Structures are given as C-alpha cells and as structure tokens.
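Keep the sequence at hand.

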Amino acid sequence: MDRIVNVGIIGCGGIANNKHMPSLKNVPNVRMVAFCDIIPERAEKAAKEYGTQDAKTYTDYKELLKDESIEVVHVLTPNREHADITVDALYAGKHVMCEKPMAKTAADAKRMYEAAVATGKKLTIGYQHRQKAEAIYAKKYIESGALGDIYYVNSYAIRRRGTPNWGVFLDAEAQGGGPIIDIATHSLDLTLYLMDNYEPQMVLGKTHKKLEHPEAGNIWGDKGVSTTPLEEAACAMIVMKNGATIMLETSWALNTHEPIQEGSCVLCGSKAGLSLKNNKLVINKVELDRQVVTEVDTSAGGVAFYDGAAQNSAQTEAFNWIKSIVDDTDPVVLPKQALVVSQILEAIYVSSETGKPVYFE
C-alpha cells in the first residue's frame with residue numbers, strides 16, 4: 001500500500017475522534033487533508049491533531065467535495081444526514097466510508113446503495129465488529145462447513161444501564177431510534193455476515209419503554225435519559241427465507257444482571273454450534289459420542305488474519321478499507337448487505353407500532 005490516499009472527514013464529533021481519525025492516522029499511506037463540521041472549532045481541532053500541515057477546514061461539506069485531490073470521504077454525522085452526504089459524495093467521485101447504521105431509514109439506505117451502483121464508487125459502512133479477531137476466525141470456521149446448516153440463532157446487544165446521553169443519541173429525529181438502530185445494528189450485521197444469509201422473509205418485533213427510573217444507575221448519568229421518547233429495549237424474531245430463525249434482543253436500559261456486548265451472537269448449526277459473546281469465541285460440538293466445548297484463543301500468535309493489520313477491529317477496518325481502494329477490491333462490508341440490515345431494523349419498529357409481522361417480498 002505505497003500509493004497515497006487523500007481522505008476528507010465529514011463530521012468531527014465523538015465517533016470521528018474515538019474511532020475513525022485515530023485509526024486512519026495509523027494507516028501509513030493515508031493523508032487526512034480536509035475536515036468538515038458545522039462547529040468550526042471541532043474541524044479546526046481535528047485538522048490540527050490529525051491533518052496534514054496544509055489541511056483545510058469547512059463548515060459546508062459540499063465545499064469539501066469540490067476538492068478533486070480527495071479520493072475518499074468518511075461520513076461521521078448523525079444518522080439523518082448519512083444518506084444526503086453519502087449520495088452527494090459518491091456523485092462527486094469519492095469513495096465513501098459511512099459510519100453505522102447505513103441511514104436513518106431503509107429508503108435512505110436504498111438511495112445510498114443505488115448511488116454506489118450508479119457511480120461505480122465504493123461504499124462501505126462502519127460495522128467494525130466483523131473485523132475483530134474472533135469474528136474473522138468464526139467466519140473462516142463456518143466457511144469450512146464445520147457448523148453445517150445454520151438454522152437457529154440468537155443475536156444480542158444488551159446493556160443493563162448504558163443509555164448514551166451526549167451528542168444527538170437521544171434525539172429521535174436525528175437518530176431514528178434507540179438501541180435497535182444504535183447497537184443492535186452491529187449484532188445483526190455480524191449475525192447475517194456469519195450466516196451469509198441476506199434473505200429475510202418475516203420480522204415480528206416489539207419495543208419497550210417501561211422502566212420507572214431509567215436514569216438511575218446509568219453509567220453516563222441522566223442528562224435526558226428519563227425524558228427521551230426512544231425505546232429502552234426491544235426484541236424481535238426474524239425468519240429467513242430458508243427457514244433459519246434469528247432471535248434478536250437489545251437494550252440500553254434493562255433490569256438484567258447479565259449485559260451482553262454489541263457484536264454478540266450464538267449460531268446453532270446441524271453439525272456444531274458457535275458462540276461469540278462479549279468478544280469470547282466458544283465452539284460446541286459432539287466428538288466420539290461426547291459433548292465438547294472449545295474456547296478459541298485469538299489474542300496472539302498464529303497466522304495473521306490480515307497481513308500488516310493490527311488486531312484492533314477499528315484499526316483493521318481502516319486498514320482493509322484503504323487497502324480495498326488501493327487494490328480496487330470489494331470492501332469487507334458491502335452496501336447491499338448493510339441495506340438488508342437497515343430494512344430489518346426498520347421492520348422491527350414497524351412491527352412494534354402495528355402489532356403485526358412485516359413480510360418481505
């Protein structure tokens with residue numbers, strides 16, 4: 001990867017500072033040359049910390065897109081802005097990494113996918129849990145045929161008291177939802193990816209907002225937790241066209257003693273099973289007429305999953321994204337896959353509102 005790739009950052013808030021910019025800084029051939037934010041000071045701070053000496057700052061992303069030297073754009077804004085900015089960037093000739101979820105609505109996600117197809121530019125979504133060491137091993141294990149036919153699955157993203165209360169997380173209009181669209185989106189993406197199944201048939205979902213004091217014990221304090229209209233928890237049954245069933249559970253706040261980190265799932269196949277919960281990978285099977293459970297150590301050693309990439313999921317995501325640009329290959333997360341995730345998430349909300357299952361064609 002010796003070719004220089006110029007990157008523009010649109011949105012210089014929390015996800016940019018905590019994930020994308022630090023990760024891109026460690027990709028040797030990346031130059032962050034432009035930063036945009038509606039708050040000028042945030043763009044200026046980002047440029048000073050992560051940018052080249054001549055990095056430019058903007059408050060209007062359309063001005064940034066006019067810079068022909070920029071090859072790649074990272075869209076790191078609230079969910080409601082993902083689609084418009086991404087579509088504009090694609091038609092401006094840029095490859096786009098958009099932070100998860102793909103968009104606020106399934107219709108917006110479809111616009112993004114169609115723009116990527118029409119322009120021929122690469123579009124990927126920031127589902128970094130696919131690229132943690134446990135998930136990479138699990139994917140290879142499944143592709144070997146060791147699990148057989150995967151037909152019964154649990155997908156988890158459960159916090160006991162972890163409602164985010166900064167930025168626009170509690171703004172329903174800006175974000176489009178609570179834990180379903182915020183953290184369950186990671187778990188569902190990883191689940192479908194490991195199953196290699198993107199053909200849903202039916203979704204039955206229910207959201208919940210029941211806690212008397214949701215702010216009590218919240219790890220980030222109150223600051224709006226008690227007044228937000230967004231769901232605290234939700235569950236859903238997703239039936240795929242091949243008959244496989246996914247049970248999805250998620251919460252920001254729930255009276256449960258066992259939190260399960262986003263990006264967790266349990267896959268049961270006709271030959272064996274696999275659990276990836278809280279970044280621990282366990283395989284279960286029957287050998288010599290005995291039940292066997294094996295915990296896989298992916299912490300160090302062995303064959304490198306991606307040559308030159310760190311074993312940090314955000315860093316691996318950045319490395320492989322830029323590599324796909326340089327090598328002109330598909331990114332790890334395809335927009336068509338992310339679109340299905342958005343369609344299923346939206347179906348959970350619709351099903352909860354109507355009290356009826358949502359069927360896919």
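A residue is called buried under 20% relative accessible area, exposed over 50%, and partly exposed in between (1.4 Å probe, protein chains only). Helices (H or I, at least four residues) and strands (E, at least two) are DSSP runs, numbered from the N terminus. This is a predicted model: local features need pLDDT of at least 70, side-chain atom pairs count only at pLDDT 80 or more, and totals for chains, interfaces and linings use all residues. Residues are numbered from 1 along each chain as its sequence is written, and side-chain values use heavy atoms, with hydrogens and water left out.

Start with helix α1, residues 14-25. The expected span of a helix is 1.5 Å times one less than its number of residues. For the twelve residues of α1 that gives 16 Å, and the end C-alpha atoms are 16 Å apart, which agrees. Ala16, Lys19, His20, Met21, Ser23 and Leu24 of α1 are buried. Viewed down the helix axis, the buried residues of α1 fall within an arc of 160 degrees, so they line one face. That arc is taken from the directions from the helix axis to the C-beta atoms. Asn18 and Lys25, on the other side of α1, are exposed.

What do the buried residues of α1 pack against? Their partners are β1 (5-10), β2 (30-36), α2 (40-50), β4 (72-75), β5 (95-98) and α9 (313-327). Contact here means heavy atoms within 4.5 Å.

Now turn to the rings. Rings of Phe, Tyr and Trp (its six-membered ring) pair if their centres lie within 6.5 Å; planes under 30 degrees apart count as stacked, over 60 as edge-to-face and the rest as tilted. The structure holds three aromatic pairs. Tyr137 and Tyr141 have ring centres 6.4 Å apart and planes at 15 degrees, so this pair is stacked. Both sit in helix α6 (residues 133-143), four residues and about one helical turn apart. Tyr137 is partly exposed at 31%, whereas Tyr141 is buried at 15%.

The rings of Trp166 and Trp220 have centres 4.9 Å apart and planes at 80 degrees, so this pair is edge-to-face. The pair links distant parts of the chain, 54 residues apart. Trp166 lies in the loop between β7 (150-158) and α7 (172-175), and Trp220 in the loop between β8 (200-208) and β9 (233-240). Ring pairs link Trp166, Phe169 and Trp220 into a cluster.
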